[in-house]
Amino acid sequence: MDDKLFDVIIIGAGIVGSSAALKLLDMGMSVCVIESGASGSRSSGINYGGVRRQGRSLAQMPLTQRAHAIWGRLKQTIGIDGEYVRSGHLKLARSDKDMASLERYRELTADCGLGLELLGREELKKRFPYLGERAVGGSFCPEDGHANPRLVSPGFALAAQKAGAIFLEYTTATGFAYDGKLFQVKVHNSDRPLQSRFLVNCAGAWANKVCEAFGEPVPMDCSHPLMFVTEAVPVFMNVSLGVEGGGVYARQVTRGNCVIGGTQGYALDEYRARPGGDGIRTVVGRALELLPDLQNVQIIRTWSGTEGRLPDREPVIGLSSTTPGLVHGFGFAGAGFQIGPAVGEVLAELVAQGQSTTPIEAFSISRFRS
Amino acid sequence: MDKPVVVIGAGPAGIRACETLAGFGVRPTLLDESQTWGGQIFRQQPGNFKRGFKDLYGFDAERAENLKQTFHKIREQIDYRPQSLVWNAEQNRIDILHKGKTEKLQWSKLIVASGATDRVFPFPGWTLPGVYGLGASQIALKYQACAIGSKVILAGTGPLLYLVAFQYASAGANVVAVLNTAPVSARMKALPKLFCLPGQLARGMYYVSWLKMRGVKMMDGIQIMRAKGETRIEGLVIKDASGKIHELECDALGFGYGLRSETQIADLVSCQFNFNPVQRAFLPAKDLSGKTTVDGVYLAGDGSGIMGVEAAELAGQRAALAVLTELGLCSSKDSGVVRQIQEIESRLQTISKFRAGLEEAFPCPENWIDQLQDDTVVCRCEEITYGDIKQTVLDCNVKEINRLKALSRSGMGRCQGRMCGHATAEILAHLTGQSLQEVGRLRCQPPVKPVPISVVADASLSQESA
Amino acid sequence: MSQPEPSSKRSKAGLFQRLKELDRPDVEFFINGDKYLAKLGDTVLTAILTNQTAVRKTEFSGQARAGFCLMGACQDCWVRLADGQPIRACSTMIEQGMQIVTNFAQGNNHG
């Protein structure tokens, strides 16, 4: 296996790397994915699970719509439904200013096919009577929804594996080089580097190591979303909830557990993060305000994780600015779950054809060159 | 002191730690989830109960009385907070739930004496009403003066088996049978090791012969096959050592295979864990003094490895001495301290040998997995079955315990793997041909136990915008 | 519904059997609106299980449960008060007039 030359090596087996692997295999290429932990367990596994187009920037609209279509055939693609539901996504306004913001967004994205409905206070009370008092209105995207990242992200990896990709889990890439023809990737548990014609950087919060190795560092930092889950209660939340301005988001799964997030945890080390007591109490306070009926419901678990982000909160997607054959797809600032599968396809296109049918200029790594 | 020395757990280890600390002028904060001191072994009965310590604790009555005297002696010298659940712990800070309110407390040193629970493995029908842990059965008697049923079978293995049977029969309960999954030969083979604590050994032998003389049905080397019953347990089906199947009528069953340590708090403060093959579990690493890999954090008692009550008391003293040395309040050069430490550590070593003997005498059953049906519940909280787990391992090529939890939900419920974690790990190891160590250990996150949203919510933030 | 046997007698209706400490004041309490008797010093679990054979039904399959560890670890004995407050039956003492609800709508039975 060490002597084998792969068409593509992918660094990172999150939803982006794994869906890229799946698409590349479909195109007939040989793929090896190197993952320092378990596939789909980092940012792709610890996120809230929102499968959401509403709220994204205009630049992300083509990607998010492409992803929407992929999510619509999730079961055919990875063999499981991953608890994906199109519950709708309701983004709440807690002031007139918020409402104006939501209206502006609706106008901005009018041609993008999101189908946004603006709801006033009365409509909100009628359709979502369980919401707390501060909600004055909202923007509803009927076909947005949520899924279980702990099932979906490893699901993409498993599908890629079944299709023939080699996944090297618990394997850390320690060095990268390019000799003009081939990429060499050193790994911590072998003397022989892996070799490939193309290298795809889906290393998430750790992607800058690859960027630095090829002379194009980016100003990345990390965030640590903090989430909690409740015991199972009768289903009452018929929609995935968010608020204008951010700070709290909530959904309920069919088994009855409520998954709620907002606030930040803190890093334990380079890979792991955990929730802190103050962060937990804050997000729980916000949850109670959003959903007063949760008063007597018990929290059974909290968690955090590590996500990579760039200063403009847009990802890096596209060809390397320094090295032919190197392709980047990382830095989703906590919003990579929904567009992940589309980015994977785009990365595969970049490898196979050097370009993509989906506009991605806004995400070029060159934007960070001074 | 605004950053006190905090002791978590008011059982034997915690109380001795506080006694030692108070003896050197430190005022520790002692947090305990229960209403009264004692932990589980010396759980105090409600105030209006009249039984004496001899009735409650038998051969341990004197030890219990000593502990009680000690507790009352130091009561005013410590900040004792009962009904206080530590639901989160971090470097320097813990969060406590007390009477419907939560508060945070910064600590300078932490001694975690969080104790243990029954160690259990599932079998078909084990979730039926009337089926309890062995320790649970003992608590019903000790704490509530009740037997778990009117026709009680006690089964499993470990020193608790014969102790609880003896206590039940002595108190007038109808003990239908005492069934040891370990063969007699295991006890015989372990005798040399058990001789190092002859008093303890004698007790065990006394319980067994007392029960025999009373004509209580006793069997060894049995295998639990399944519990029968519709809305409650009505009988237990077992295989005896020769392979013959027996059906025993009962309306309650207490079972367990020794104890397992409660290590959540140690995990939350980021203690390193190592696999302990004797205890078949990952345990927080500690040196002879109880010092962990985290600055200022010490462990004492069954919460970091099952060693029994005497070891717990000694470990509590030892950890306190280490804390005091770190605080500069007692000198490691003081000959009195040095002698005390030597005595403690020497005694702990002896107890350790005895405990290894107990594990040999009462080993975990080997083929309980063979008795599982596809519809046998493994994770009680989430109702995940053996069939669910097998399917997940197969479908998703699972090799690691946290991955199994994420994909199957086993361990995801309210108890966060306390009752099913060990079983799930054993099943995963069995299905994948790996060792218990290789499948890894379940990661912990706060809250340590379920907490209500209304109590944890920080109301002062409700007026702020996002 | 006929008045249940006072719990000082051997209880056929319940799981737990009182062996000692029988001479304690009675406590009246309610399970799902029906009145029962327990004794002062009982936990909620004991109070329920000297009268009935189950404490709750699981969220997902509706199976009866009656607690398991009796020490606050297994989380299998949660019930609610009439106002919705959750209480862990094995670690909460019964009080005169306590209104316990065991049949509150829980999660979503998937049978």
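**Two interfaces of chain B**

Good morning. I begin with a count: chain C and chain B are joined by four salt bridges, a salt bridge being a side-chain nitrogen of Lys or Arg within 4 Å of a carboxyl oxygen of Asp or Glu. The model is predicted, so local features need pLDDT of at least 70 and side-chain atom pairs count only at pLDDT 80 or more, while totals for chains, interfaces and linings use all residues. Residues are numbered from 1 along each chain as its sequence is written, chains are lettered from A and ligands numbered from 1 in the order in which they are written, and side-chain values use heavy atoms, with hydrogens and water left out.

One of the salt bridges between these chains pairs Arg414(B) with Glu59(C), at 2.8 Å from N to O. By class, the side of chain C that touches chain B has 19 nonpolar, 14 polar and 11 charged residues. Here Ala, Val, Leu, Ile, Met, Phe, Trp, Tyr, Cys and Pro count as nonpolar, Asp, Glu, Lys and Arg as charged, and the others, Gly among them, as polar.

How many residues of chain C are in contact with chain B? There are 44, and they meet 52 residues of chain B; contact means heavy atoms within 4.5 Å. The two chains bury about 3800 Å² between them, 55% of it on carbon and sulfur atoms. Buried area is the accessible area (1.4 Å probe) that two parts lose on being put together, summed over both. Within chain C, Glu21(C), Phe68(C) and Met71(C) lose the most area to chain B, together 20% of what that side buries.

I turn now to chain A. Its contact with chain B involves 46 residues of chain A and 43 residues of chain B. About 3500 Å² is buried between chain A and chain B, with 50% from carbon and sulfur atoms. Arg281(A), Ile300(A) and Arg301(A) supply 21% of the area that chain A buries against chain B, more than any other three residues.

Chain A and chain B also have four salt bridges between them. Which residue of chain A forms a salt bridge with Arg414(B)? That residue is Glu231(A), and the closest N and O atoms are 2.8 Å apart.

By class, the side of chain A that touches chain B has 18 nonpolar, 16 polar and 12 charged residues. Thank you for your attention.
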